[in-house]
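Please read each point with the coordinates open.

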Amino acid sequence: MFGYQAHHELSLIRKQFTKNVFGMGDSKLYSSYQQVQHLYSNVVEKPLGYYPPPYDLEKIANLTIAACDPMDGKTDGLVARTDLCKLNFDMNSTLGEAYLCAATPASTNPYNPTPALPAQNGTVSAEGIAVAAKIIDGLRDTQGRRDYLSYQPAATFVDAATTYKDDTNSWELSISSLGSEFPVRFIKLLDASTFDAGTFDNVTYDTLRGWMYTGWQMYEDTLQTTWPDLTPFQAAGGKVLHFHGESDNSVPTASSVRYHESVRSVMYPNMTFNESTEALGRWYRLFLIPGAADCTTN
């Protein structure tokens, strides 16, 4: 079985297992950082004043995959070294590359519904590259401070999807349904799942940072899963097999790497990096799966 197939099947099992443990039925699980992260791409588009046609960004993602695929020494359609891709691939090299895509019907996927899209015939634009590069760089506040990690190169730009308006013959902002409900329902405590018309206009990078911190403080005892001291679990003989798709376009892969490193540094503070990594590896191992997105392939 390929790694990405195992990733998908384990994700399905994990979701059902979690629902069974917490008796959730069809309810959703939320995380303050992650749910707000889904709005980041929308906030990127606003100040840049550009709402890219979906295939503008898709072409950039496909060209990124093609260029970075062989960086691990094997050309197999998968980007296994997104770290090297991030260091060495120049996204500006995609400028002017042509795309031609047929019209597509609307999707009724409850987790990511998308409207019908017209046929698209164009070339990768400088504005589209600017949007993609800013998304990959990740959320920073207006003082330049890092607030959260973003997706690795080779991930698709699902959260940046836009809506086509026939009456204006243009692409417009489409607020991520995955991101909007958390700040509306659980931060503002409104009985709603989306922003009222116009209320998203004033949302900035600092706003997203504020929602993340507020959600963290409000729900730390129930939603946060980033506590790094796993001593009781490890002492009881527990073992962790932690996997994450390297091209995850929903939950940034780097968040799992960051958590793994937090556990290592907190639980083995007096060891060298190599010593602590070896000690942690006896009971907790992290596997990054090339080509795997969020429960699917990229």
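The points below take up confidence, the disulfide, the nonpolar cores, the salt bridges and the aromatic pairs.

1. Confidence. The model is predicted, and its protein chain averages a pLDDT of 87, with 87% of the residues scoring at least 70. Confidence is lowest in helix α1 (residues 3–22), where the mean is 64, and highest in helix α11 (residues 273–281), where the mean reaches 97. The mean of 64 for helix α1 lies under the pLDDT of at least 70 that local features need.

2. The disulfide. The count comes to one disulfide, and that bond joins Cys68 to Cys85 with an S to S distance of 2.1 Å. The torsion about the S-S bond of Cys68 and Cys85 is about 65 degrees, and the disulfide is therefore right-handed. The bond links distant parts of the chain, with Cys68 in helix α4 (residues 54–68) and Cys85 in helix α5 (residues 82–88), 17 residues apart. Cys68 is buried, with a relative accessible area of 0%, and Cys85 is buried as well, at 1%. Another cysteine, Cys101, counts as buried at 15% relative accessibility.

3. The nonpolar cores. The largest nonpolar core has 40 residues, and those touching the most other members are Ile60, Met91, Ile135, Leu139, Phe157, Leu208 and Trp211. The elements that give two or more residues to this core are α3 (40–48), α4, α6 (126–137), α7 (177–187) and α8. A second, separate core consists of nine residues, among them Met267, Tyr268, Ala279 and Leu280.

4. Surroundings of Leu139. Which residues does Leu139 contact, leaving aside its neighbours within four places in sequence? The contacts of Leu139 are Tyr40, Arg145, Arg146, Asp147, Tyr148, Tyr205, Leu208 and Met212. Two of these, Arg145 and Asp147, also belong to a network of salt bridges, whereas Leu208 is named with Leu139 among the residues of the largest core that touch the most other members.

5. A search of the whole structure finds nine salt bridges. One of them is formed by Arg209 with Asp141, the closest N and O atoms being 3.5 Å apart. This pair links distant parts of the chain, since Arg209 is in helix α8 and Asp141 is in the loop between α6 and β3 (162–165), 68 residues apart. Both Arg209 and Asp141 are buried, and together with Arg145 and Asp147 they are linked in a network of salt bridges.

6. Salt bridges within helices. In helix α7, the side chains of Arg185 and Glu181 meet in a salt bridge of 2.8 Å, N to O; because the two residues are four apart in that helix, they are separated by about one helical turn. Arg185 is partly exposed, with a relative accessible area of 27%, whereas Glu181 is buried at 11%. In helix α10, the side chains of Glu261 and Arg264 meet at 3.0 Å, N to O, and these residues, being three apart, are likewise separated by about one helical turn. Here Glu261 counts as partly exposed at 25%, while Arg264 is buried at 14%.

7. Aromatic pairs. The whole structure contains 10 aromatic pairs. Tyr213 and Trp216 form a tilted pair, 5.8 Å centre to centre with 55 degrees between the planes, and both lie in helix α8 (residues 205–219), three residues apart, or about one turn of the helix. Tyr213 is partly exposed at 33% relative accessible area, and Trp216 is partly exposed at 31%. Tyr259 and Tyr284 also form a tilted pair, 6.5 Å centre to centre with 45 degrees between the planes. That pair links distant parts of the chain, with Tyr259 in helix α10 (residues 253–267) and Tyr284 in strand β6 (residues 284–289), 25 residues apart. Tyr259 is buried, with a relative accessible area of 17%, and Tyr284 counts as buried at 1%. Finally, ring pairs link Phe182, Phe186 and Tyr219 into a cluster.

Note on methods
Residues are numbered from 1 along each chain as its sequence is written. This is a predicted model: local features need pLDDT of at least 70, side-chain atom pairs count only at pLDDT 80 or more; totals for chains, interfaces and linings use all residues. Side-chain values use heavy atoms; hydrogens and water are left out. pLDDT is the predictor's confidence in each residue, from 0 to 100. Rings of Phe, Tyr and Trp (its six-membered ring) pair if their centres lie within 6.5 Å; planes under 30 degrees apart count as stacked, over 60 as edge-to-face and the rest as tilted. Buried means under 20% relative accessible area, exposed over 50%, partly exposed in between (1.4 Å probe, protein chains only). A disulfide is a pair of cysteine sulfur atoms within 2.5 Å. A nonpolar core is a set of buried Ala, Val, Leu, Ile, Met, Phe, Trp, Tyr and Cys residues joined through side-chain atoms within 4.5 Å. Contact means heavy atoms within 4.5 Å. A salt bridge is a side-chain nitrogen of Lys or Arg within 4 Å of a carboxyl oxygen of Asp or Glu.
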